Amino acid sequence: MKIIDHIKNSNKTLFSIEVLPPKKGENINTIFETIDELKEFNPSFIDVTYHREEMTYVDDLEKGKRIKKVRKRPGTVAISAAIQNKFQIDAVPHIICGGFSKDDTEYALIDLHFLGIDNILALQGDSLKNEKSFTPSDGGNFYASDLVNQIVDLNNGKYLDNIDCGLNTDFCIGVSGYPEKHFEAVSLDVDLKYLKQKIDLGAEFIVTQMFFNNQKYFSFVKKCREIGINVPIIPGLKPLGTQSQIDLLPKVFFIDIPQELKKEALLCKNNTMVKQLGVEWCTNQCKELIKENVPVLHFYTMSNSETTKKVAEKLF
């Protein structure tokens, strides 16, 4: 079922999660175990992230030099299909610009269509670690709006090589939103202009970056509505789990940790206490969001169910 249909058919706030594909050589059961722990809360959908290739260097002892290797987390398409088959829960694979040519993207979308997957989250994706700014692959999409446009074209039966086959896909397209603005945007207003462009092209829902201050989400939604963005805006949430995340999350995701939360977390004697604080803070966030009738509470689990489960137990 499409995400927008899940939302339209419900008279209450829904629950959803995001999972992280295992690294190459690791077991998919880590994802299944996370879902098993959370399925009692009836997730309406499960996002499956996609990660661009990473460059790493290893010592080649035989040749006596360091060599560059490329590694990536495999399996987003396969994991999405496995989730739908095993749990009968709608999967939402991430499709990104980086690491794909437009032809690669088209083939991935066709595979997803054949697998019965109805939803896509279209993202630009991260830059490579050695890049100052995002650089697309040869023949690839540069912006998420380009990717949205390609998916919409395929929904209309328009293929890259102009074949006339009569096969239209029917993806429900989601995009990301940033209540604290995307770190590359010069201002939130400019960021919102590009977000509206993606909606005008055909995206049907928005999932936000994680935030720890609900007022930033409410302000973001208000600004979206003022410029004519009227699709569902799904808040992204993550309970704080360790003291190190106080510094790590702002650096990685370009978000703010409220001073009150930061102060209380630094007073915790260990990470067990931090988790308890994180669950309490996130639960209070969720209760306020539910009162405001948000469509879905979407949890970034990082494929670890512990704190998300404790929050969900208090809500659903």
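This note sets out several points on the predicted model shown above.

1. Basis of the note. The model is predicted, so local features need pLDDT of at least 70 and side-chain atom pairs count only at pLDDT 80 or more, while totals for chains, interfaces and linings use all residues. Residues are numbered from 1 along each chain as its sequence is written, and side-chain values use heavy atoms, with hydrogens and water left out.

2. Overall form. The protein contains 11 helices and 10 strands; these are DSSP runs numbered from the N terminus, with helices (H or I) of at least four residues and strands (E) of at least two. Its radius of gyration is 20 Å, which agrees with the value near 20 Å for a compact globule of 316 residues. That radius is taken over C-alpha atoms, and the globule rule is 2.2 Å times the number of residues to the power 0.38.

3. Of the 316 residues, 50% are buried, where buried means under 20% relative accessible area, exposed over 50%, and partly exposed in between (1.4 Å probe, protein chains only). Among contacts (heavy atoms within 4.5 Å) between residues at least 6 apart in sequence, 75% join residues at least 24 apart.

4. Glutamate 180. This residue lies in the loop between strand S7 (172-177) and helix H6 (188-201). Glutamate 180 counts as buried because its relative accessible area is 18%. Its side chain makes a polar contact with the side chain of lysine 216 at 3.3 Å. A polar contact is a pair of N or O atoms within 3.5 Å; within protein, one must be able to donate a hydrogen and the other to accept it, and residues adjacent in sequence count only if both atoms are side-chain atoms. Beyond four places in sequence, the contacts of glutamate 180 include Met210, Phe211 and Ile255.

5. Valine 231. The loop between helix H7 (214-226) and strand S9 (233-237) holds valine 231, which is buried at 13% relative accessible area. Its C-alpha atom is separated by 9.8 Å from that of glycine 174, although the two residues are 57 apart along the chain. Ile199, Phe205 and Arg225 are among the residues touched by valine 231 when those up to four places away in sequence are not counted.

6. Positive phi values. Asparagine 293, a residue other than glycine, has a positive phi near 60 degrees. Asparagine 293 is in the loop between helix H10 (271-291) and strand S10 (296-300) and is exposed, at 65% relative accessibility. Methionine 302 has a positive phi near 55 degrees; methionine 302 is in the loop between S10 and helix H11 (306-313) and is partly exposed, at 37%.
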